[in-house]
Structure formats: C-alpha cells, structure tokens
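Hi,

Here's the structure I promised to pass on.

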Amino acid sequence: MHIQWSPLSSRNMPLRPHTRSVPITSYVSQQNFKRSVSARSLGQRTQAGHTNRWQLPGALGSDLLGQAQVQRAEEFGNKSSDRKNNSDDPMALHWHEDATSCPQSPLPRIVHPLSASRRTRLCKDATWSSKLDTPEERFYVLSRRVVHNAKPDAVLECLGVKWELHCSIMSSSDTIFELYTNSKRQRDVELQERAVIGKGSRVSSSACGRGLVYRKWLLSGPLTLRLHVKDASINKEALSFALRTLYDPAERPDEWGEAVLSTAALLGMSNLFQKCLKEMLTLISSSTVCSFHQVSCKLKETFLQRACERWLELFLVTELSFHIKLKDLPFDLLLKTLRSPRLFASNEYEVLRAVLYWLYLKLNPLREALPAHSIIIHFFSRETAVFLEQPQGQKYITIFQALRMHGITEWQHLQELQNIRVLPESWLLSILSNHYHTLYSGGDMVVTDFSKQAIRFGMMFHREEECCTQTISLCGFYFLLQAAKMGESDTYIFSIERLRHWDPAVSQSSIVSRPYCMRPDRSMCYQITVQSFANGKWQEHTSGPVNQEFGLCKRRCKSKPFQIERLFPPILVTFALAFPF
C-alpha cells in the first residue's frame, strides 16, 4: 500500500536533498499490488538473505551488507534446499520478483541460479561469484547436470570435503567401488541385526513406527565413504577433476602433472592414469622434467622415467642448464646423465658450465633466478680452500670425475678452470700435463676406452637450414664438421674434413691464438651419432667407431660420408674424436 506523508507529520522533519518518496508494496491487498506493478517493473529487485531484504539486481561495490547476505543465502541454500524447497534442483534457489510475468500472484517466482542468462549476469555483477570456481563447486554443478539432479547414493569424505556420488559412475573407480561395496555390506548386516532385536523386544507401537522410519531412512539414505589421503601432492583441485571425469570424460585439468597422476592412482582410475601419462609424455620440458621424473619413480612408472632421462640426455646442457628448475635435478640423476654415451653438448666446456651452475644452485637453494656467469665464477673463485677437498664438497667428487675435462682445450677456458677453487691441484696438474704431452707428441692421446674418453663436439640442425658446418681445433689439427640435406628429400649426409691452417674456413683469430701441427698425416678414431625425433620418440643412428688416416690432399682429407634417410628436424649431431697412438 502507498503511504502518504501529511503536512503535519512532515512539518517537524528536516528536508534532505535528493530524496523522494518510495512506494512500498504490500502483499495483503491485491488491488494495491496491481497499482505498484508499473513502479516495480522499471527495475527488478532480488531478495537477499532470510530477512526479506531487497536490493537491486546489479551488485553495488559499497553494498557490503547486501553482498554478505547474498553469500550467506547461497550457503544456506546448498545445505537446506532439499528440506525446504520443493524443487528438482538441490542447489540454493534465488528468489526473483517479476510482476510483469505473473501479475495475478503477489508471490515472488523462483529462478534457477545456474540458468544461462542468470549465471552470466551474476558472474559479471556479483563480487562473490568467484566462489562458484572452487573445486567443490565445479564438481557439484557438473555432477548435478549429468545425473539430472538425482539424489546421491554415497557421500565421499576426503580432504575435508563431502563429495556426493552416484552408483552409475562408481564402477570406473576401483577404490570408490570397493569402499561403496564394503560400506553397503556393513549397513545390510546392521539392518539385519536391528530387525532381529526389534522382533525379540516388546515395544510400543509408536516406538515400532519410529524404528521402521529409521530403518527405511538408513536403507534409502546415501552411504558415507571415508578416504584418507597420505600423499601431499594430492589436492582438492586434482581430486575434483578426477571425480568430474567420472561424470564427463571430456573434462580437462588446469595442469597435467604429479597431482592428477597421484590422484588417479589413489582412486584406482586406470583410464585417467594412462591418459595422464600420455599427456605428461608430451609435456616434458625444462620446467617439468624434474617433477615428472620424481613422480615416475614414486609410482614406479618406468616408461615415463625413461622418457625423462632420455630428454635429459639431449637437453641437459642446451636447455635445462639455462633454467632455474636445474636446482631440482637430483644428484643421482645428474650423475647418470653425465655418464650416458648419448649426452649431447656442443663441447666439453659446456658440460662443465652446466655442472657449475647446478652446484651453485645446490649451495644457494633460495635463488629464484639464474645469475650471470661472472657471478658464478666469482662465487667459486673467492674461497682460498679447494671446494672438493672440503667436507661439504667431497660428495660431489663423482660428479666432476664424470666430466671429460681433458677435452677442454681453449686457453680462456683453461684459465677459468684454474681460477675457480673447485678442482684439486693434482687434477689441474694432470689436465695441463696431458695437454702438453699431446701437443709435444703431435696429437697422440692415451685412449683406453673410446666411449668414455673421446672428445665430443655437437651441433643442432634446425628445420629451416639446408647445411650446417662447424670448424674445430684439436691439438693443432683443424677439422670441418658438416651436416647437409640432399635436395628436397629427407636424406642427410654427415662428414668430417681436415683443413689446412690457411684455409678460409679457419678464422684469423684461431690461427694467431691456437697452435698448428705440421704433421701431414693424422690417424683419428671418430664416431658420428645422429639423434632425431620420429614416430613419437627419439631415435638414434650411429656410425660406430671408425679409424681413418687424414691427410692434407683432397683424396685423403675427407671422411666417408655417413648417410641417413628419413630424418626430420630437429636433428642433434655429435662428433666424438680421439687421436690414438
């Protein structure tokens, strides 16, 4: 009804600027209700909370009380809608007043909160709409939509949340199905015991009635399943996603990783487990390889473990050594990778640089970004004591023993090796003396195991390149390493060619700063290893150890071409060289 202010009542009240009379509708009079239809149809209002408080549909940033009541009403509806609302949807129902749609009824009509237009408007206008993005809410909405708001058959209590489940999806999870079967069997036994006790006792009819009602409720009510989680990697997000896939297999997580794989293993969901493994195999990178290898060892998934180790053999030096995730690389895994004959690196110094970066991050675990190379060199050069001779550094001796430091021949690299206080003096003396004897004897090396002592040089062949070459200097001898593609085919040729010191491929700086051996013939043992990605995995092609005499004339300066068909970029090529007696 409309309330009119009389002049007498308003005489003693101060006037406020920008105020106006507001029509207040009453549900008592049908006639007065019709008069206020036009006023209310100009702006629809929603009821928030249980105190009959009305507000505009668009949430105001300053209306904190109204927003709090809306959120409290939503939470209340989730808990008590099954008991208080005669609706198919057990979620919280929003009351919406629309006089134009039903002018004959003074009661507000019910609108589903998750209808398309309603939910879109709520997400745009209300600040509390982010609550619908929680893992529990996403599971609740999806499961209710798939089963058409059917009553749950079981309630899974896990990670402090109650997840309502249905029998139609339990067979896809071995763990949930086992819990449900055991719980149902236990409840049937308890009901039989109650029935026997009820027959043998004399109770009143009212008590019997209450007992029957109680037994019917137990028989038809959802079972409570309790699942304890001991794995710290399993979180609510991963559990919500795993349970959502039971209702909709097309669901995808925010991130495939350890949490999803561990959750699938806990719930006994073999299909999700294999799907997660397949996705993780395609996502191995510098940021994921360490965590993926860790979870593969924990779950004893050898296929994923080998894939991570294979990736490290190829990209430890070229990619991971430039990423902060290098600090997560375990000691044993690094040692295994360094000892692998398939380790790819452009030269032996790059392998040493990667180890120094890894050691620096282990000694400074709070670092969140890789420092400059000069900072690492200064860090290891400032100490007076040798690092590997200290108690803290003795456990890292096997890491440096796996390096082929006799292959570091550049003068500036050898100078850096002496400046850092990492290697013992005896190691440095052995490295420098071997270099001296090799140069003095015309390049002869003491080689007892070619696979572990050969000096490696590598280069990467990209898609846009037709030919890739690299000039190297080794003990006074110069070589040109070549990789070329044959026309438009997928065939590649790899070869080694000896150069004279005045050859145009040899830079002038190399002639001035490096020694040159006048020996006309040089016996060399070499091996060419080519690794490329094809058919979903990395494939390896090797020429095997080849012994050849390299001369200076055209007829004897080139190696036999190593030809491989059906190669696809990127291609990683490693030339391993050694000068035997």
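Asn149 sits in the loop that links helix 6 to strand 5. Bear in mind throughout that this is a predicted model. With a relative accessibility of 26%, Asn149 counts as partly exposed.

His148 lies in that loop too, between helix 6 (135-146) and strand 5 (154-158). His148 also has a positive phi, about 55°, again without being a glycine. Its relative accessibility is 67%, so His148 counts as exposed.

**Helix 12**

Next, helix 12, which covers residues 270-282. Its 13 residues reach 19 Å from first C-alpha to last, close to the 18 Å expected at 1.5 Å a residue. Which of its residues are buried? They are Leu272, Phe273, Cys276, Leu277 and Met280. Looking down the axis of helix 12, you'll find these buried residues within an arc of 140°, so they line one face of the helix.

As for what covers the buried residues of helix 12, the list includes helix 10 (236-247), helix 11 (258-267), helix 13 (289-299) and helix 14 (302-315).

**Strands**

Strand 8 (residues 455-461) has six of its seven residues buried, so it is largely enclosed by the rest of the structure. Strand 8 pairs with strand 16 (residues 571-578) in the antiparallel sense, over seven bridges. Within that pairing, Met460 has Leu572 of strand 16 as its bridge partner.

There's also an open sheet of four strands, in the order 9-10-11-15, with antiparallel pairing. At its edges are strand 9 (467-474) and strand 15 (562-564), each pairing on one side only. From one strand to the next, the twist averages 15°. Inside this sheet, strand 10 (residues 477-485) and strand 11 (residues 492-499) run antiparallel and are joined by eight bridges.

**A cis peptide**

One last thing to check on screen: Pro569 and Pro570 are joined by a cis peptide bond, with omega at about 0°. Pro570 is in the loop between strand 15 and strand 16.

Cheers

Note on methods:
Residues are numbered from 1 along each chain as its sequence is written. This is a predicted model: local features need pLDDT of at least 70, side-chain atom pairs count only at pLDDT 80 or more; totals for chains, interfaces and linings use all residues. Side-chain values use heavy atoms; hydrogens and water are left out. Helices (H or I, at least four residues) and strands (E, at least two) are DSSP runs, numbered from the N terminus. The expected span of a helix is 1.5 Å times one less than its number of residues. Buried means under 20% relative accessible area, exposed over 50%, partly exposed in between (1.4 Å probe, protein chains only). The arc is that of the directions from the helix axis to the C-beta atoms. Contact means heavy atoms within 4.5 Å. Two strands pair if DSSP finds at least two bridges between them. Axes are lines fitted to C-alpha atoms, for helices over the stretch in contact, and angles run from 0 to 180 degrees between N-to-C directions.
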